[in-house]
Amino acid sequence: MKNKKTIRQVIRQIVREEVALAIKEVITELKQPIESQPQHKKITEKKNYSSNSVLNDVLNETAQDGEWKTLGGSEFTSDRMNELVGKQYGDMVNKNTSPQIPSSDPMSQFLNKDYSEVLKKSKEKSKNKIGR
């Protein structure tokens, strides 16, 4: 019984010390001046992109900001379209398209199966039905 009480007291003391240290760190961080550059947004005339006023305000703000033009380091133009599309669809294009891909995934097996024989049989049956 005494052991439990002393362990609790030791744990409480340690927690108090750690919390006090953490609070001191937070207070010193809050006291430091924030170094930020004032942002000057140039005011341009508002265009009417939409009849919805909220959407129109957001679109005008985005158009003024201009940061969207250089996402990824430089401006995206049609010349760089392959970079954008290649990341999303590159795996599909470069994938081995062999129909005999061994896989334990049932959906993959279903999608990669060779259905040419099934189509031939269905065409034969449809011709036989039409010919009757």
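Colleague: Which helix is K5 found in?
Modeller: Residues are numbered from 1 along each chain as its sequence is written, and side-chain values use heavy atoms, with hydrogens and water left out. Helices are DSSP runs of H or I with at least four residues, strands are runs of E with at least two, and numbering starts at the N terminus. The run that holds K5 covers residues 2-31, and that's helix α1.

Colleague: Does K5 count as buried or exposed?
Modeller: Buried means under 20% relative accessible area, exposed over 50%, and partly exposed in between (1.4 Å probe, protein chains only). K5 has 53% relative accessibility, so K5 counts as exposed.

Colleague: Which residues form the positive surface patch?
Modeller: Patch members have over 30% relative accessible area and no salt bridge, with like charges joined within 9 Å and nonpolar side chains (Val, Leu, Ile, Met, Phe, Trp, Tyr) within 5 Å. Lys and Arg count as positive, with the charge placed at NZ of Lys or CZ of Arg. The patch is made of K4, K5, R8, R12 and R16.

Colleague: And what accessible area does the nonpolar patch have together?
Modeller: Its members are I7, I11, V15, V19, I23 and I27. I27 sits in helix α1 and is partly exposed, because its relative accessibility is 39%.

Colleague: Where is confidence lowest in the protein?
Modeller: Overall, the mean pLDDT is 77, with 72% of residues at 70 or more. Helix α1 comes out highest, at 91. Where pLDDT is low, the predicted coordinates should not be read in detail. Confidence is lowest, at a mean of 66, in residues 81-94, helix α3.

Colleague: How much of the protein counts as buried?
Modeller: The protein exposes about 13300 Å², and carbon and sulfur atoms supply 56% of that. Of its 132 residues, the buried share is 5%.

Colleague: Which residue forms a salt bridge with D57?
Modeller: A salt bridge needs a side-chain nitrogen of Lys or Arg within 4 Å of a carboxyl oxygen of Asp or Glu, and the structure holds two. In this one the closest N and O atoms are 3.8 Å apart, between D57 and K46. D57 lies in helix α2 (residues 53-65) and its partner in the loop between α1 and α2, so the pair ties together parts eleven residues apart in sequence. D57 is partly exposed at 40%, while 59% makes an exposed residue of K46.

Colleague: Which helix holds both K120 and E117?
Modeller: Their side chains meet in a salt bridge at 3.8 Å, N to O. K120 is partly exposed at 48%, and E117 is partly exposed at 49%. They lie three residues apart, about one turn, within residues 116-131, helix α5.

Note on methods
Predicted model: local features only at pLDDT ≥ 70, side-chain atom pairs only at ≥ 80, totals over all residues. Areas by Shrake-Rupley, 256 points an atom, 1.4 Å probe, with all protein chains shown as cover. pLDDT = per-residue confidence, 0-100.
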